[in-house]
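Colleague: I am new to this one. Could you walk me through a few features and how to read them?

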Amino acid sequence: MLVYPSLDYELNTQVRKHREANGYAQEEFAFLIGRDVADVVKYEDLTTTDAYDFNHINRYARVLHRVPKDFVFKESLPENDIKIEARKTTYKTKTMYRGERQIMVGGKPQWVKLEPYSIPIAEITVDSSDRQRMVALLDELLLEGYFRDGVTGYDLYMHVGTLWAGSFRPKLLIEGLAVLSGRRKRPKLLPMRKAPKTDEKWILYKEDLDED
């Protein structure tokens with residue numbers, strides 16, 4: 001049995017629902033908020049007590065096109081802490097979460113079912129020609145000096161959206177960045193070496209023009 005602070009449970013639940021409504025995979029959302037995908041996986045795993053950070057709720061709201069109040073339930077849970085019995089079942093294409101929450105009825109504890117949910121496992125596929133186009137676009141930005149001062153994943157996604165003909169998934173941008181950062185020759189992109197040592201990978205990429 002796990003004991004959650006009720007606000008952590010509310011935030012985890014609401015962020016996941018809004019992420020799904022926006023069509024972002026966990027990997028894509030992690031990129032847009034500057035976290036490792038492993039963090040988002042933990043936050044959305046009903047069998048752990050890890051939680052999204054309330055201090056960053058404005059960031060989640062901006063990325064998911066919501067306002068901060070959308071990340072708490074309309075009627076908040078009455079308890080400061082909630083007790084949950086949860087089960088995780090992994091299938092070939094999804095991970096399924098089911099559970100029960102303990103509530104008090106007439107001073108006695110009772111268990112009620114939580115709404116089950118599933119997380120797809122299937123990899124998002126990217127068209128190779130689109131990947132080439134994205135790499136060319138990012139390469140042009142690189143040569144223009146766009147990355148010189150560092151840029152966040154979300155701001156880069158929004159900027160590229162103004163240059164790209166049609167819509168695209170963040171996964172395409174992630175793969176394009178991987179190509180540029182994997183180059184043997186310079187100029188190329190690397191994770192920003194001089195960024196502050198914080199948990200948030202807020203400044204993701206920086207132009208690396210140093211000599212070998």
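Modeller: Start with a cut-off. A salt bridge is a side-chain nitrogen of Lys or Arg within 4 Å of a carboxyl oxygen of Asp or Glu. Keep in mind that this is a predicted model. Now the case: Lys171 forms a salt bridge with Glu123, and their closest N and O atoms are 2.9 Å apart.

Colleague: Where do Lys171 and Glu123 lie?

Modeller: Lys171 is in helix 7 (residues 170–181). Glu123 is in the loop between strand 5 (117–120) and helix 5 (128–143). The pair therefore ties together parts that are 48 residues apart in sequence.

Colleague: Is Lys171 buried or exposed? And Glu123, buried or exposed?

Modeller: Apply the thresholds: under 20% relative accessible area is buried, over 50% is exposed. Lys171 has 5% relative accessibility, so the residue counts as buried. Glu123 has a relative accessible area of 55%, so this one is exposed.

Colleague: Which residue forms a salt bridge with Lys171 at 3.9 Å?

Modeller: Glu175, with 3.9 Å between the closest N and O atoms. Both residues sit in helix 7, four residues apart, which is about one turn of the helix. Glu175 is buried, as is Lys171. Shared partners link salt bridges into one network: Glu27, Glu123, Arg131, Lys171 and Glu175.

Colleague: How many salt bridges does a search of the whole structure find?

Modeller: It finds 15. Another one of them joins Glu20 to Arg16, with the closest N and O atoms 3.5 Å apart. Both residues belong to helix 1 (residues 6–21). They are four residues apart, again about one turn of the helix. Glu20 is partly exposed, at 34% relative accessibility. Arg16 is buried, at 7% relative accessible area.

Colleague: Now helix packing. At what angle do the axes of helix 5 and helix 6 cross?

Modeller: Roughly 110°, and the axes come within 12 Å. Angles of 65 to 115 degrees count as roughly perpendicular. So helix 5 is roughly perpendicular to helix 6 (residues 153–163).

Colleague: Which residues of helix 5 and helix 6 meet?

Modeller: Take each side in turn. Helix 5 brings Met134, Leu137, Leu138 and Leu141. Helix 6 brings Leu156, His159, Val160 and Leu163.

Colleague: How many residues in that contact are nonpolar, polar or charged?

Modeller: Sort them by class. The contact of helix 5 with helix 6 has seven nonpolar residues, one polar residue and no charged ones. His159 is among the residues that meet there.

Key. Residues numbered from 1 in each chain as written. Predicted model: local features only at pLDDT ≥ 70, side-chain atom pairs only at ≥ 80, totals over all residues. Heavy atoms only, no water. Helix = DSSP H or I, 4+ residues; strand = E, 2+ residues; numbered from the N terminus. Buried < 20%, exposed > 50% of the residue type's maximum accessible area, 1.4 Å probe, protein only. Axes fitted to C-alpha atoms, helices over the stretch in contact; angles between N-to-C directions. Parallel < 35°, antiparallel > 145°, perpendicular 65-115°, else oblique. Contact = heavy atoms within 4.5 Å. Nonpolar A, V, L, I, M, F, W, Y, C, P; charged D, E, K, R; others polar.
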